[in-house]
Amino acid sequence: MKRYLFALLSMCIYQIALGQILQPAGGGQYIFPENDEKCLSEEDRIIIKAQIAESRQALKRSGKLQEANEEQIVLFDWPLQQNPSLGWNDYYGISNYVDQNNSGALLDYNCGTRTYNGHKGTDYFTWPFGWYLVENDMIEVVAAEAGTIILKNDGEDDDHCSCFGTWNAVYVEHADGSIAWYGHLKKNSLTNKAVGDPVAVGEYLGIVASSGCSTGPHLHFEIYDANNDLIDPYTGSCNNLNNQTWWQNQLPESTPRINTLLTHSAIPQFGCPGTNESPNLDNTIEVGQAFQTAAYYHDQNPSLTATYRLRQPSGSIYATWNHTSPATYYASWWYWEWTLPSQGPFGTWQFEVTFNSETYEHAFEFIDPNSPCSNTAQNTWIGPSTGTWNGADSNWSKGVIPEICDDVVIPAGADIKILSGNFAECYTLQVDVNATFEVEDGAILEVQNP
Ligand SMILES: [Zn+2]
């Protein structure tokens with residue numbers, strides 16, 4: 001009861017209303033690194049087309065590729081999906097559409113210039129922390145339309161920040177004879193299915209990475225129709241290649257959204273694998289610790305104002321402020337720095353932003369590791385079904401081992417030991433049916449009712 005009273009008091013004292021506009025400590029435009037090279041050289045494109053022609057002939061001879069029926073209607077679903085464990089709102093930006101102008105000028109399907117000279121596909125780059133996403137297999141390329149795998153190339157290095165080598169790619173022919181190229185995939189991530197095997201719409205093809213002529217992790221999505229003519233799947237008044245959209249639901253050229261909200265232990269760094277991209281992700285903030293709250297956007301523009309909030313565990317607002325981007329960016333980020341009050345309130349805080357009619361949330365824990373039970377949220381064991389109390393941070397839902405004190409839920413089947421000599425004191429210890437709980441000689445476990 002005392003605890004609740006204290007929380008209530010803290011809430012009253014520490015609710016701070018900040019001014020309407022709070023300038024970020026940093027951030028700005030994120031420029032997906034481009035170079036003068038193309039995603040694929042014309043020489044490589046000619047080689048791939050020859051490989052496709054040869055493979056198609058062999059597949060037809062063996063009965064694995066049906067004659068195309070141009071009457072079939074082919075419409076694409078979205079070619080990417082996130083691993084559900086990532087839990088972001090979105091995970092990409094678009095750096096380039098197909099270049100519709102054959103001379104030196106830039107022209108995308110929408111009469112803008114979001115392309116580079118001679119680009120023949122659409123580039124979806126992963127954002128933020130593309131290399132972190134590659135490393136953890138977070139963004140999957142999936143078949144935009146059902147079809148037959150007619151060519152695969154795997155085994156090439158996938159950590160390129162400049163243009164060299166060959167890409168890993170999957171090529172899928174659809175019922176109407178059109179072909180989709182999915183390029184720059186991660187080494188050894190390609191579907192186990194063989195050339196000649198069917199794939200369903202939405203089926204896994206590989207992981208987004210940066211193989212071949214590529215300056216960072218992205219999917220290059222290139223389409224040819226049954227006559228081997230290049231297609232731009234986006235319909236628009238400057239698309240000179242085809243009249244109809246090839247999407248089930250074509251998204252607008254610009255779709256202002258927040259990809260994710262994150263909390264960081266230090267200012268995050270972007271870079272190549274060699275120059276150390278450092279996400280500095282941190283969802284557990286200790287008392288006295290300075291940290292950053294950051295919002296990562298795609299297609300942010302100055303006509304949209306974002307309203308930011310920091311909410312205390314009770315739900316009441318600790319701080320709220322507005323911010324508007326000074327310019328239009330394909331990708332951008334902004335961060336603010338904080339040190340929360342040393343008296344709490346401790347527990348689960350929310351970083352929240354309302355932008356373009358959507359509200360986004362990111363939870364983080366504010367704890368005092370030296371104060372028993374400062375942390376009111378429950379920590380769930382998510383580690384292997386056998387393990388020990390002091391296993392690893394990654395075994396706990398909040399990413400902190402409850403060595404000193406925490407409210408802990410141990411799910412059924414988990415076998416937890418408190419090691420000899422360690423001490424744990426908890427107000428709530430919830431052990432699900434069939435979980436084993438073991439305290440070794442010399443260790444102390446103290447459980448109190450709330
Ligand atoms: Zn490209």
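Biologist: Take strand S7, residues 169-173: how many of its residues are buried, and which strands do bridges join to it?

Modeller: The model is a predicted one, and local features are described where pLDDT is at least 70. For orientation, the chain holds three helices and 27 strands. Of its 450 residues, 36% are buried. Among contacts with a separation of 6 or more, 67% are between residues 24 or more positions apart.

Strand S7 (residues 169-173) is mostly covered, with five of its five residues buried. Its side chains divide between two directions: Ala169, Tyr171 and Glu173 point one way, while Val170 and Val172 point the other way. Burial holds on both sides, since a residue counts as buried with 20 or more other C-beta atoms within 10 Å of its own, and all of these residues are buried.

S7 is joined to strand S6 (residues 147-153) by five bridges, and the two run antiparallel. One of the pairs is asparagine 153 with alanine 169, the latter in S7. S7 is also joined to strand S8 (residues 179-183), again antiparallel and by five bridges. Here valine 170 stands opposite tyrosine 182 of S8. S7 and S8 make a hairpin with five residues between them. In that turn, glycine 177 has a positive phi of about 90°.

Glycine 147 has valine 199, in S9, as its bridge partner.

Another strand of the chain, S5 (residues 139-142), pairs with S10 in the antiparallel sense over three bridges. Within this pairing, valine 141 stands opposite glycine 206 of S10. Both strands belong to an open sheet of three strands in the order S2-S5-S10, with antiparallel pairing. Strand S2 (80-82) and strand S10 (204-207) stand at the edges with a single partner strand each, so one side of each has no neighbour in the sheet. On average, neighbouring strands of this sheet are turned by 35° against each other, direction ignored.

Proline 128 lies in the loop between strand S4 (122-126) and helix H3 (130-135). A cis peptide bond joins tryptophan 127 to proline 128, with omega about 0°. Phenylalanine 129 is in the loop between S4 and H3 as well. Its phi is positive, about 60°, although phenylalanine 129 is not a glycine. Is phenylalanine 129 buried or exposed? Phenylalanine 129 has 24 other C-beta atoms within 10 Å, and because the cut-off for burial is 20 or more, it is buried.

Aspartate 137 is placed in the loop between H3 and S5. Aspartate 137 is also a residue other than glycine with a positive phi, near 55°. With 16 other C-beta atoms within 10 Å, aspartate 137 is partly exposed.

Two further places are worth a look. Proline 345 is in the loop between strand S18 (329-338) and strand S19 (347-355). The bond joining glycine 344 to proline 345 is a cis peptide, with omega about 10°. The other place is helix H2 (residues 42-61), whose 20 residues should span 28 Å at 1.5 Å a residue. The end C-alpha atoms of H2 are 29 Å apart, which agrees with that expectation. Just after H2, glycine 63 takes a positive phi of about 75°.

To return to the strand you asked about, S7 has five of its five residues buried, with S6 joined to it by five bridges and S8 likewise by five bridges.

Key. Residues are numbered from 1 along each chain as its sequence is written. This is a predicted model: local features need pLDDT of at least 70, side-chain atom pairs count only at pLDDT 80 or more; totals for chains, interfaces and linings use all residues. Two strands pair if DSSP finds at least two bridges between them. Helices (H or I, at least four residues) and strands (E, at least two) are DSSP runs, numbered from the N terminus. Axes are lines fitted to C-alpha atoms, for helices over the stretch in contact, and angles run from 0 to 180 degrees between N-to-C directions. The expected span of a helix is 1.5 Å times one less than its number of residues. A residue is buried if 20 or more other C-beta atoms lie within 10 Å of its own, exposed if 12 or fewer, and partly exposed in between; C-beta atoms are placed from the backbone. Two residues are in contact if their C-beta atoms, placed from the backbone, lie within 7 Å.
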